Amino acid sequence: NRVRVCIQTRRVFHMVARYLNQIQQYARALRKNQTHTELLVWKALRDRRFSGFKFRRQVPIGPFIVDFYCHREKLVIELDGGQHNIGNALQYDLNRSGFLNSQGLRVLRFWNNDVLKQKEAVFQQIWNFLHGEPSPDFGLGAKISLSQQEREIKTHFDFGAECQAYQ
């Protein structure tokens, strides 16, 4: 009986190790093949250029790989393309954000289009969030929903239209 449990435990361990290796390799591939929008944001965040905060890119967290992560502030920044607005993608993003929030992380989401057309406003939103300041109204329809206790971002930024609040 003990031998059977030991063999099963070893099998599970090897399955988990293979999965973690695969996700690490996938994250590496994503870092090598960044989108134009990710590269634009990464240039501003890398090497502690963004107000001294250290960010990493394409970081595996649980079963997900997040675009950018600041460990000190427990902040995840996600850049969403048009594919996030169709089919089951919105529900997937809600579940993903819910998981990340359950791990004590805060999530900021921006549309790729907003990063490309209004990058100063996006960077200002990130800066304000990191410094605990209320977000200014850029006249762009941007809204942040901050919980007093957890300070979780639960709003999907869409500067060109109404925000879609994550509930």
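Read along the sequence, this chain runs α-α-β-β-β-α-β-α-α-β-β. That pattern holds five helices and six strands; helices (H or I, at least four residues) and strands (E, at least two) are DSSP runs, numbered from the N terminus. The model is predicted: local features need pLDDT of at least 70, side-chain atom pairs count only at pLDDT 80 or more, and totals for chains, interfaces and linings use all residues. Residues are numbered from 1 along each chain as its sequence is written, and side-chain values use heavy atoms, leaving out hydrogens and water.

**Confidence**
- Mean pLDDT is 76 for the chain, and 74% of the residues reach 70 or more. pLDDT is the predictor's confidence in each residue, from 0 to 100.
- Over residues 137-167, pLDDT stays under 50. The model has 78 contacts beyond four places in sequence for this stretch; a contact means heavy atoms within 4.5 Å.
- Where pLDDT is low, the predicted coordinates should not be read in detail.

**Whole chain**
- The chain has 167 residues, and 37% of them count as buried. Buried means under 20% relative accessible area, exposed over 50%, and partly exposed in between (1.4 Å probe, protein chains only).
- Accessible surface comes to about 10,200 Å², with 51% belonging to carbon and sulfur atoms. Areas come from the Shrake-Rupley method with a 1.4 Å probe; for residues, only the protein chains shown count as cover.
- Among contacts with a separation of 6 or more, 51% join residues 24 or more positions apart.

**The β1-β2 hairpin**
- Strands β1 (residues 56-61) and β2 (residues 64-70) pair in the antiparallel sense over five bridges. Two strands pair if DSSP finds at least two bridges between them.
- Two residues lie between the strands of this hairpin. Gly-62, in the turn, has a positive phi of about 60°.
- Val-59 stands opposite Val-66 in β2.

- Most residues other than glycine have a negative phi.
- Gln-58, in strand β1, has a positive phi near 50°. Gln-58 is buried, at 4% relative accessible area.
- Asp-47 has a positive phi of about 55°. Asp-47 sits in the loop between α2 (36-45) and β1, and is exposed at 54%.

**A nonpolar patch**
- Val-12, Val-16, Tyr-19 and Leu-20 make a nonpolar surface patch of about 340 Å².
- Val-12 belongs to helix α1 (residues 2-32). Val-12 is partly exposed, with a relative accessible area of 48%.
- Patch residues have over 30% relative accessible area and no salt bridge; nonpolar side chains (Val, Leu, Ile, Met, Phe, Trp, Tyr) are joined within 5 Å, like charges within 9 Å. A salt bridge is a side-chain nitrogen of Lys or Arg within 4 Å of a carboxyl oxygen of Asp or Glu.
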